Amino acid sequence: MTDPAAPSPVRIDLPDGTRVTHRDVAANGARFHIAELGDGPLVLLLHGFPQFWWTWRHQLTALADAGYRAVAMDLRGVGGSDRTPRGYDPANLALDVTGVIRSLGEPDAALVGHDLGGYLAWTAAAMRPKLVRRLAVVSMPHPRRWRAAMLRDARQTAASSHIWGFQRPWLPERQLTADGGALVGRLIRDWSGPRPPEDADVETYQRAMCIPSTAHCSIEPYRWLVRSLARPDGVQFYRRMKRPVRVPTLHLHGSLDPVTRTRSAAGSGEYVEAPYRWRLFDGLGHFPHEEDPAAFSAELVNWLKDPEPDR
């Protein structure tokens, strides 16, 4: 059992000691933990696997300094958010995101998503376009591009071996939490480029993964993505994703990403009927926002402030 008197592994300050506001908001039938910093137009940050809100620690400061209300949320089942028994399909997870926007009292938000968070950002922009002001996606193709790559590109299938491994029952959860979450550390290091994360950063993610039920909930979205490929609910979802994104979109990717091939991500602009900007970070891996936070944050802030982002 978790000691209730122990410090929270997710309600923590930024590395430089800056205190963010931690609170819970209700949305889509669940409770979500958010970390917030700054005032201004809302920018909502969505993490990927195997991480939680803390992956955006550098961008929270950069966005707040640039005049934005920066909010990083923990997705359903992760970090400080509710671990519900169901609801891990992308359509419902996207409704979590848009529900949080409404619960924050904002008319809309600029969505920034990495990995699974990027998949949900694409989905939210297609499903609830009035709530998404701008869209920035990191290390993740459009859902229809992702599906095509997983089914037709043998190299992408091999790069996504962890997703296929998640389809087994129970064993993946045990592997993620064994030895204090050691596998989480190996995955983050293996997926990064030549600028590996600090040991303290990796340990933060390992502790968060070891919170009871987190490993199971982290895997459930990937189980749905694969098992639904030929099911009616999956076919219906990908049909809905034909609806074009009609907000300015920034697509960011690391040239050395070993998880999502550049070829898989490139071309997602065909689903965007608005200004679309593709930015490839040379020499970075799957986590460009952590591997080179200064360059990443500058690219993001400059694009957010650009009143007419070019196509």
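Tutor: The following conversation covers the overall fold, then the salt bridges, then a surface patch. Please keep in mind that this is a predicted model.

Student: How many helices and strands does the protein chain have?

Tutor: The protein chain contains 14 helices and eight strands. Its radius of gyration is 18 Å, close to the 19 Å given by the globule rule for 311 residues, so the chain is as compact as a globular protein of that length.

Student: What does the C-alpha trace span along its principal axes?

Tutor: The span is about 50 × 45 × 40 Å. Of the 311 residues in the protein chain, 59% are buried.

Student: Changing topic, how many salt bridges does the structure hold?

Tutor: There are 21 salt bridges in the structure. As background, side chains of opposite charge can pair when their charged atoms come close.

Student: Which residue does glutamate 36 meet in a salt bridge?

Tutor: Glutamate 36 pairs with arginine 23, at 3.3 Å from N to O. Glutamate 36 belongs to strand S2 (residues 30-37) and arginine 23 to strand S1 (residues 21-27), so the pair ties together parts that are 13 residues apart in sequence.

Student: And is glutamate 36 buried or exposed?

Tutor: Glutamate 36 is buried, as its relative accessible area is 11% and buried means under 20%. Arginine 23, at 31% relative accessibility, counts as partly exposed.

Student: What about arginine 133, where is its partner?

Tutor: Its side chain meets that of aspartate 108 in a salt bridge of 2.9 Å, N to O. Arginine 133 lies in strand S6, while aspartate 108 is in the loop between helix H2 (90-103) and strand S5 (109-114), so this pair ties together parts 25 residues apart in sequence. Arginine 133 is partly exposed at 28%, and aspartate 108 is partly exposed at 22%.

Student: How far apart in helix H10 are arginine 223 and glutamate 220?

Tutor: They are three residues apart in helix H10 (residues 214-227), or about one helical turn.

Student: Which residues are linked in a network of salt bridges?

Tutor: Such a network links Arg11, Asp24, Arg31 and Asp82.

Student: Lastly, which residues form the positive surface patch?

Tutor: Arg102, Arg128, Arg240 and Arg243 form that patch. Arginine 128 sits in the loop between helix H3 (116-127) and strand S6 (132-138), and it is partly exposed at 31% relative accessibility.

How values were computed:
Residues are numbered from 1 along each chain as its sequence is written. This is a predicted model: local features need pLDDT of at least 70, side-chain atom pairs count only at pLDDT 80 or more; totals for chains, interfaces and linings use all residues. Side-chain values use heavy atoms; hydrogens and water are left out. Patches are made of residues with over 30% relative accessible area and no salt bridge: like charges are joined within 9 Å, nonpolar side chains (Val, Leu, Ile, Met, Phe, Trp, Tyr) within 5 Å. Accessible areas come from the Shrake-Rupley method with a 1.4 Å probe; for residues, only the protein chains shown count as cover. A salt bridge is a side-chain nitrogen of Lys or Arg within 4 Å of a carboxyl oxygen of Asp or Glu. Lys and Arg count as positive and Asp and Glu as negative; His and the chain ends are not counted. The place of a charge is taken as NZ of Lys, CZ of Arg, CG of Asp or CD of Glu. Helices (H or I, at least four residues) and strands (E, at least two) are DSSP runs, numbered from the N terminus. Buried means under 20% relative accessible area, exposed over 50%, partly exposed in between (1.4 Å probe, protein chains only). The radius of gyration is taken over C-alpha atoms; the globule rule is 2.2 Å times the number of residues to the power 0.38.
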